[in-house]
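Dear colleague,

Please find the structure below, together with its sequence.

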Amino acid sequence: MSDRDRELMERYIYQVVKRLPKDQRAEVALELRELIGDMAESGDAMEEVLTQLGDPAEFAEKYPERLKTDGFAWEGGTKQINGPLE
């Protein structure tokens, strides 16, 4: 991942987690880094990955709905996680 892509990813993550309760921010940021990194590794440009995830404010607002018992759902598919986030 290029420095530019990493900066775009971190900006997106910041825009999401600043809208969440403080006790959830670190864990959600970690999960989003993994999700975004995996999506980018599939060959999509970082801008496309972030576009697929949608507006950070809307993502944060709908975050509980996006979390499934076995992963995140987004327009491009499902990303597995290692258990529920709290």
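Of the contacts in the chain with a separation of 6 or more, 49% are accounted for by residues 24 or more positions apart; contact here means heavy atoms within 4.5 Å. Please note that this is a predicted model, in which local features need pLDDT of at least 70, side-chain atom pairs count only at pLDDT 80 or more, and totals for chains, interfaces and linings use all residues. Residues are numbered from 1 along each chain as its sequence is written, and side-chain values use heavy atoms, with hydrogens and water left out.

The secondary structure comprises 5 helices and 3 strands, in the order α-α-α-α-α-β-β-β from the N terminus. Helices (H or I, at least four residues) and strands (E, at least two) are DSSP runs, numbered from the N terminus. The chain has 86 residues, and 37% of them are buried; buried means under 20% relative accessible area, exposed over 50%, and partly exposed in between (1.4 Å probe, protein chains only).

Packing of α1 with α2

Helix α1 (residues 3-17) packs on helix α2 (residues 22-41) at an angle of about 140°, and their axes are 10 Å apart. Axes are lines fitted to C-alpha atoms, for helices over the stretch in contact, and angles run from 0 to 180 degrees between N-to-C directions. The crossing of these two helices is right-handed; a crossing is right-handed if the near helix is turned clockwise from the far one by less than a right angle, and left-handed if anticlockwise. On the α1 side the contact involves M9, E10, Y12, I13, V16 and V17, which meet R25, V28, A29, L32, R33, I36 and G37 of α2. By class, the contact of α1 with α2 has 9 nonpolar, 1 polar and 3 charged residues. In this scheme Ala, Val, Leu, Ile, Met, Phe, Trp, Tyr, Cys and Pro count as nonpolar, Asp, Glu, Lys and Arg as charged, and the others, Gly among them, as polar.

K18 lies in the loop between α1 and α2. This residue is partly exposed, with a relative accessible area of 37%. K18 and P56 are 38 residues apart in sequence, and their C-alpha atoms are 9.8 Å apart in space.

Packing of α3

The axes of α1 and helix α3 (residues 46-53) come within 10 Å and cross at roughly 15°. The two helices are therefore roughly parallel to each other; angles under 35 degrees count as roughly parallel, over 145 as roughly antiparallel, 65 to 115 as roughly perpendicular and the rest as oblique. R4, D5, L8, M9 and Y12 of α1 make this contact with M46, E47, L50 and L53 of α3.

The axes of α2 and α3 are 9 Å apart, and the packing angle is about 125°, which makes α2 oblique to α3. Here L35, I36, M39 and A40 of α2 meet M46, V49, L50, Q52 and L53 of α3. By class, the contact of α2 with α3 has 8 nonpolar, 1 polar and no charged residues.

Within α3, the buried residues are M46, V49, L50, Q52 and L53. Seen down the axis of α3, these residues fall within an arc of 155°, so they line one face of the helix; the arc is that of the directions from the helix axis to the C-beta atoms. G54 follows α3 and has a positive phi, near 90°.

With kind regards
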